[in-house]
Amino acid sequence: MRRLRALEPLAWVGPAIVLIALVVLWPVIEMIRSSFLEISRLGVERGYTGFANYEKLFGEKDFADIMVRSVIWVVAVVVLTVLFSLALAQLFNQRFPLRKVARWALIAPWAASVLMTAIIFKWMLDPEVGVINQIRLKLGWIDAMGGAAADQLGDASTAMPWLVFVAVFVSVPFTTYALLAGLATIPADVYEAARMDGAGRLRTYWSITLPLLRPALTVAALINVMNVFNSFPIIWAMTHGQPGYSTATSTILMYILKGSDIGESAAMSVVNFGMVIVLTVIFLRVSRWNKEVA
């Protein structure tokens, strides 16, 4: 009976452990194993190849540029998302007419399919009939529809800013609501004490709101780092990583390689996995997430 009672907790945590093993651990193990195999396009394993897939991957002429672009993509999207979300959270935390309506409206980009949002923006940026280019034409920013100046997704210098914009657009709602939840936990008497000490709004926000908001901010930013690094629908739907690989990130490269070499694609998956861990560790070190607020 004592042994049965000792095993009783397993009845509660056992299903969770099995689920984690099947959904998380097994795919990671299989991904790493596949990166050392030669696999045909039909998925047939042809044998162990050692580090040949990694050597082939690192030998890709665009590999270094894609990895640098992936990091820039993550940093740009996450930083802009956090900045906009901080402003919106502070705004929506105030009392004003139709505040509930405004909060509900903010959910729309988050509730909609990311792929559908990307497709809509691609239509809006169409060089022939896109509404954004029609507005630019009326403002005199372009001479005619259909030309190179109207094809903003046809050149990396204009396509990447639009990709970042769409990524921020779909990321802001979740981040704003996470920060709103954090703001709701800050006691009102803290602000009252700050006012009695003569602190202004800017000083109060910098010295009280941001430090007390750090746990929610850390969680929201960390989730964004992982989501944005692994983001696929936005770039694929809008540019397919083109022209060339000029708008491709490591996730896009991984998908492209899958069509020609599954083993090399698996190696790219392992590199992606490692990069996510590295970026997460760097973020946690920089954010000092485990330091208590003074």
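Isoleucine 186 counts as buried in this predicted model, at 8% relative accessibility. The residue sits in the loop between H8 and helix H9, the latter covering residues 188-196. Setting aside neighbours within four places in sequence, isoleucine 186 is in contact with Tyr191, Thr209 and Leu212.

Let me turn to helix H8 itself, where threonine 176 lies. Is threonine 176 buried or exposed? Its relative accessible area is 0%, and because the cut-off for burial is under 20%, threonine 176 is buried. Its contacts, leaving aside residues within four places in sequence, are Ser85, Leu88, Ala89, Phe92 and Leu106.

I move now to the surface. Val18, Leu19, Ile20, Leu22, Val23, Val24, Leu25 and Ile29 make a nonpolar surface patch of about 760 Å². One of these residues, leucine 19, belongs to helix H2, which runs over residues 8-34. Why is leucine 19 classed as exposed? The class applies because exposure begins over 50% relative accessible area, and leucine 19 has 53%. As a general matter, in soluble globular proteins nonpolar side chains tend to be buried together.

An unreviewed UniProt entry places the feature "transmembrane region" at residues 12-29, 71-92, 104-125, 162-184, 205-229 and 266-286. Two of these spans may be described from the model. Residues 266-286 are 100% helix and 0% strand, and the end C-alpha atoms lie 30 Å apart. For residues 104-125, the end C-alpha atoms lie 27 Å apart, and the span is 86% helix and 0% strand.

Finally, some remarks on backbone geometry. Where is the cis peptide bond that I wish to point out? That bond joins glutamine 242 and proline 243, with omega at about 0 degrees. Proline 243 is placed in the loop between H11 and helix H12, the latter being residues 250-258. Histidine 240 is also in the loop between H11 and H12. Although not a glycine, histidine 240 has a positive phi of about 60 degrees. With a relative accessible area of 33%, histidine 240 is partly exposed.

Leucine 98 has a positive phi as well, near 60 degrees, and is likewise a residue other than glycine. The loop that holds leucine 98 lies between H4 and helix H5, which covers residues 99-111. Leucine 98 is exposed, with a relative accessible area of 64%.

Key:
Residues are numbered from 1 along each chain as its sequence is written. This is a predicted model: local features need pLDDT of at least 70, side-chain atom pairs count only at pLDDT 80 or more; totals for chains, interfaces and linings use all residues. Side-chain values use heavy atoms; hydrogens and water are left out. Patches are made of residues with over 30% relative accessible area and no salt bridge: like charges are joined within 9 Å, nonpolar side chains (Val, Leu, Ile, Met, Phe, Trp, Tyr) within 5 Å. Accessible areas come from the Shrake-Rupley method with a 1.4 Å probe; for residues, only the protein chains shown count as cover. A salt bridge is a side-chain nitrogen of Lys or Arg within 4 Å of a carboxyl oxygen of Asp or Glu. Helices (H or I, at least four residues) and strands (E, at least two) are DSSP runs, numbered from the N terminus. Buried means under 20% relative accessible area, exposed over 50%, partly exposed in between (1.4 Å probe, protein chains only). UniProt positions are given in the numbering used here, feature names are shortened, and annotations may be inferred rather than shown by experiment. Contact means heavy atoms within 4.5 Å.
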